[in-house]
Amino acid sequence: MSLFNRHKSEAPGGKPTTLPSDLQDETAKFKAIVNSIEDGVLLLDSQHTIQLINPGGATILGWKAEDATGIDIGNVMRLVNSKSEPVKEQDNPILQVFQTGQSGRSEVVLITPDKKQVPLNLRLSPLLGKNQEVKAVVVVFNNITAQQAEERQRADFISTASHEMRTPVAAIEGYLALALNEKVSTVDSRARNYLEKAHSSTQHLGKLFQDLLTSAKAEDGRLTSHPAVVEMGAFLEQLVDGFHLIAEKKGLFVEFSFGGSNTINATEAGTKVIKPLYYVYIDPDRLREVITNLFDNAVKYTPEGKITIGLTGNDSVVQMYVRDTGPGIPTEDIPHLFQKFYRVDNSATRTIGGTGLGLFICRKIIELYNGRIWAESKVGEGSSFYINLPRLSTQKASAMQAAASNSVSNPVNSVS
């Protein structure tokens with residue numbers, strides 16, 4: 001007996017129900033639940049037409065429910081980008097679900113019928129048929145104007161406080177450095193030990209303030225960025241050369257793995273193999289910050305073994321990764337690693353210091369250049385952090401470098 005054919009005096013499972021008769025029908029229950037929530041709910045058919053809209057959704061969109069029903073979603077939910085330009089169909093997250101068949105989340109800006117801009121948070125879920133075709137899409141959305149205002153206030157406070165506190169901390173660090181300088185002052189061994197600990201703590205505090213400031217800028221789009229064409233093979237090789245000494249202090253081995261169909265500058269049977277060139281368009285200083293953060297984390301959380309920094313890719317994507325032989329990360333922690341202030345709390349990591357902002361900043365930087373960063377790990381088997389960035393063809397990279405060198409207003413960013 002299906003739910004829709006069940007006797008109205010029975011709840012699911014055949015048990016008697018005390019619900020009013022008008023709520024005993026499954027469709028009535030669904031409508032009652034949907035109509036009672038403040039969030040907006042839309043049901044779109046395969047032709048992108050609105051088949052259901054709840055009162056909360058109608059209020060947010062500025063439409064009457066009866067007027068919106070049966071209308072194409074593009075005519076009801078008109079979206080614009082950060083420049084107040086209409087979002088193109090290929091960039092519309094709702095229409096993308098019909099193409100990909102995958103759930104997703106997105107933040108968009110809505111233009112209401114009275115021309116107001118309203119920021120929305122969308123949660124998108126496809127309803128699939130037997131052949132995995134998208135038969136319908138459910139859109140749940142809410143107005144995040146107040147939330148964004150609160151986030152801006154928090155970011156402004158953190159930014160101001162961090163900036164103001166960095167000045168006295170820098171002064172304290174400077175005076176401690178002078179006290180430890182044998183050419184400037186003379187202290188006994190016990191006092192030197194105390195001063196060194198104070199100096200280390202001050203440096204840690206300064207790093208915390210810097211991370212807080214950077215995270216605030218990342219959230220409100222104020223991160224400085226000077227992108228240039230970067231060839232990742234040479235860039236990573238240079239970085240790895242500088243990482244060896246850091247790892248060796250802890251007894252760890254560092255290697256650079258160049259993946260793909262060719263091996264970097266390898267010689268096989270007397271024949272030199274040509275290395276592929278992986279070009280990306282990114283601020284090299286920001287990318288160095290990301291790779292260094294991932295490497296530092298790998299060193300901190302790896303008691304023994306090795307750290308591998310790798311590079312591979314295909315025609316459209318350049319992929320980098322940092323892999324360690326540490327204790328690994330529990331499965332339940334992986335989805336939260338790139339959130340602010342999140343730290344894995346287990347016996348293997350509890351005593352290791354950190355701000356909990358590094359991976360959040362890494363994610364914001366990579367997303368700034370239309371990239372993606374994620375982690376894969378199993379407890380006891382180490383961890384791997386991956387970065388995907390759009391790849392430039394050699395012809396495109398050469399053209400962009402030539403244009404940059406010929407521009408007087410945009411000086412050349414030299415990239416190894």
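This is a predicted model: local features need pLDDT of at least 70, side-chain atom pairs count only at pLDDT 80 or more; totals for chains, interfaces and linings use all residues.
User: Contact here means heavy atoms within 4.5 Å. With that in mind, which residues of H10 does H9 meet?

Analyst: Helix H9 covers residues 284–301 and helix H10 covers residues 358–368. From the H9 side, the residues involved are Arg286, Leu287, Glu289, Val290, Asn293, Leu294 and Asn297. Over in H10, they meet Gly358, Leu359, Ile361, Cys362, Ile365 and Ile366.

User: And by class, how many residues in the contact of H9 with H10 are nonpolar?

Analyst: Let's go through the classes. The contact of H9 with H10 has three polar residues and two charged ones. The nonpolar count in that contact is eight.

User: At roughly what angle do the axes of H9 and H10 cross?

Analyst: Two packed helices are described by the angle between their axes and the distance between the axes. For H9 and H10, the axes come within 10 Å. H9 passes H10 in a left-handed crossing. As for the angle, the axes cross at roughly 145 degrees.

User: Is Asn92 buried or exposed?

Analyst: Leaving aside neighbours within four places in sequence, Asn92 is in contact with Leu79 and Val87. The cut-off for buried is under 20% relative accessible area. Because its relative accessibility is 11%, Asn92 counts as buried.

User: Which residue does the side chain of Thr112 make a polar contact with?

Analyst: Thr112 is found in the loop between S4 and S5. At 6% relative accessibility, it counts as buried. Not counting residues up to four places away in sequence, Thr112 touches Ile60, Leu61 and Val118. Its side chain also makes a polar contact, at 2.3 Å, with the side chain of Asp114.

User: Where is Gln132, and what is its phi near?

Analyst: Most residues other than glycine have a negative phi. Gln132 is not a glycine, yet its phi is positive. The residue is in the loop between S5 and S6, with phi near 65 degrees.

User: Is Gln132 buried or exposed?

Analyst: The cut-off for exposed is over 50% relative accessible area. Gln132 has 56%, so the residue is exposed.

User: What relative accessible area does Asn370 have?

Analyst: Asn370 is in the loop between H10 and strand S14 (372–377). Though not a glycine, Asn370 has a positive phi of about 60 degrees. The residue is exposed, with a relative accessible area of 68%.

User: Stepping back, what percentage of the protein's residues count as buried?

Analyst: The protein has eleven helices and 15 strands. Its accessible surface comes to about 24300 Å², with 52% of that belonging to carbon and sulfur atoms. Of the 416 residues, the share that counts as buried is 38%.

Notes:
Residues are numbered from 1 along each chain as its sequence is written. Side-chain values use heavy atoms; hydrogens and water are left out. Buried means under 20% relative accessible area, exposed over 50%, partly exposed in between (1.4 Å probe, protein chains only). Axes are lines fitted to C-alpha atoms, for helices over the stretch in contact, and angles run from 0 to 180 degrees between N-to-C directions. Helices (H or I, at least four residues) and strands (E, at least two) are DSSP runs, numbered from the N terminus. A crossing is left-handed if the near helix is turned anticlockwise from the far one by less than a right angle, and right-handed if clockwise. Ala, Val, Leu, Ile, Met, Phe, Trp, Tyr, Cys and Pro count as nonpolar, Asp, Glu, Lys and Arg as charged, and the others, Gly among them, as polar. Accessible areas come from the Shrake-Rupley method with a 1.4 Å probe; for residues, only the protein chains shown count as cover. A polar contact is a pair of N or O atoms within 3.5 Å; within protein, one must be able to donate a hydrogen and the other to accept it, and residues adjacent in sequence count only if both atoms are side-chain atoms.
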